Amino acid sequence: MMLKGMTARMLIRTIYPVKKGDTILVHAAAGGVGLILCQWAAKLGARVIGTVSSEAKAALAAAHGCHHPIVTANRDFVAEVLRITDGEKLPVVYDSVGKDTFLHSFDCLAPRGMMVSFGQSSGAIEPFAPAILAQKGSLFLTRPTLFTYIADPAELRASAAELFDVVGSGAVRIEINQRFALADAADAHRALEARQTTGSTVLTV
């Protein structure tokens, strides 16, 4: 709960404070951070669009606050964002996927929107010209790491307290959907790499 939950809190409460009426895009919406992000953002009154890789993951995301799950194998997520927003686009995109989604996500952002890149499950982002940010509407780009945002003890306590509050209230559920014996840790890694996991994965002794 702590690493994923405080990451989600950093993303939607600090980097871009999500507010009621916002429409946001969460890539990998059925993942560990994604499920928390969707629930928390929905609690804040946002309309959540999420990308997933299968219909099963779409159903899981929808059950956790994602109003518009998009199966990327079947639909172009940029076109879907434009359709859902009536061409208005978004104030923020949260992207943990990286290479496969990064540049396309710029086309989902409204002028002066924020691209939040916090992972690269599909591979490292290739170099790009910063002028693209200007061409796409004076966009903002950030690549945060949680530990920068909780380095100060007071910030760490505030982050943890808010996470415990939102989980304790029942507004956010922490889903542990896979368990592997420690001896099978390699299988757990293979499942992650094959995009066969959802929520959190736990290794047991």
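Colleague: Which helix gives the most to the lining of the largest cavity?

Modeller: This is a predicted model, and in it α2 gives the most to that lining, with four residues. The structure holds one cavity of 30 Å³ or more. The largest cavity has a volume of about 40 Å³.

Colleague: Which residues line the largest cavity?

Modeller: Among them are Gly-32, Leu-35, Ile-36 and Gln-39. The lining also includes Arg-173, Ile-174, Glu-175, Gly-199 and Ser-200. Sorted by class, this lining has three nonpolar, four polar and two charged residues.

Colleague: Now the largest pocket. What is its volume, and which residues are the closest to its centre?

Modeller: The volume of the largest pocket is about 840 Å³. It is lined by 35 residues, and the closest to the centre are Gly-31, Gly-32, Ser-121, Leu-192 and Thr-197.

Colleague: Which elements each supply at least two residues of the pocket lining?

Modeller: They are α2 (32–43), β2 (47–52), α9 (185–193) and β8 (200–204). The most comes from α9, with five residues. By class, the pocket lining has 14 nonpolar, 16 polar and five charged residues.

Colleague: How should I read a helix with a buried face?

Modeller: Start with the general idea: an α-helix has 3.6 residues a turn, so residues three or four places apart point the same way. Now take α8, residues 153–168. This helix has 16 residues and reaches 22 Å from its first C-alpha to its last, close to the 22 Å expected at 1.5 Å a residue. The buried residues of α8 are Ser-159, Ala-160, Leu-163 and Val-166. Seen down the axis of α8, they fall within an arc of 135°, so they line one face of the helix. Arg-157, Asp-165 and Gly-168 are exposed on the other side of α8.

Colleague: What about strands? Is β4 mostly covered or mostly open?

Modeller: In general, the side chains of a regular strand alternate between the two faces of the sheet. Strand β4 spans residues 90–95 and is mostly covered, with five of its six residues buried.

Colleague: Which strands pair with β4, and in which sense?

Modeller: Strand β1, residues 23–26, pairs with β4 in the parallel sense over two bridges. Within that pair, Val-26 stands opposite Tyr-94 in β4. Strand β5, residues 109–117, also runs parallel to β4, and five bridges join them. Here Leu-90 stands opposite Leu-109 in β5.

Colleague: Which residues other than glycine have a positive phi?

Modeller: The general idea is that most residues other than glycine have a negative phi. Ala-28 is one case with a positive value, near 55°. Ala-28 sits in the loop between β1 and α2, and at 28% relative accessibility it counts as partly exposed. Lys-89 is another case, with a positive phi of about 70°. Lys-89 lies in the loop between α4 (77–84) and β4. Its relative accessible area is 30%, so Lys-89 is partly exposed.

Colleague: Last, a glycine. Is Gly-5 buried or exposed, and why?

Modeller: Gly-5 counts as buried because its relative accessibility is 0%, and the cut-off for buried is under 20%. Gly-5 is found in helix α1, residues 2–15.

Colleague: How many residues along the chain separate Gly-5 from Val-33, and what is the C-alpha separation?

Modeller: Gly-5 and Val-33 are 28 residues apart along the chain, and their C-alpha atoms are separated by 6.9 Å.

Note on methods. Residues are numbered from 1 along each chain as its sequence is written. This is a predicted model: local features need pLDDT of at least 70, side-chain atom pairs count only at pLDDT 80 or more; totals for chains, interfaces and linings use all residues. Side-chain values use heavy atoms; hydrogens and water are left out. On a 1 Å grid over the protein atoms alone, a cavity is a set of points where a 1.4 Å probe fits but cannot get out, and a pocket is an open set with protein on both sides within 12 Å along at least five of seven lines; lining residues have an atom within 4 Å of a point. Grid points are joined across faces, edges and corners, and a volume is the space filled by probe spheres set on the points. Ala, Val, Leu, Ile, Met, Phe, Trp, Tyr, Cys and Pro count as nonpolar, Asp, Glu, Lys and Arg as charged, and the others, Gly among them, as polar. Buried means under 20% relative accessible area, exposed over 50%, partly exposed in between (1.4 Å probe, protein chains only). Two strands pair if DSSP finds at least two bridges between them. The expected span of a helix is 1.5 Å times one less than its number of residues. The arc is that of the directions from the helix axis to the C-beta atoms.
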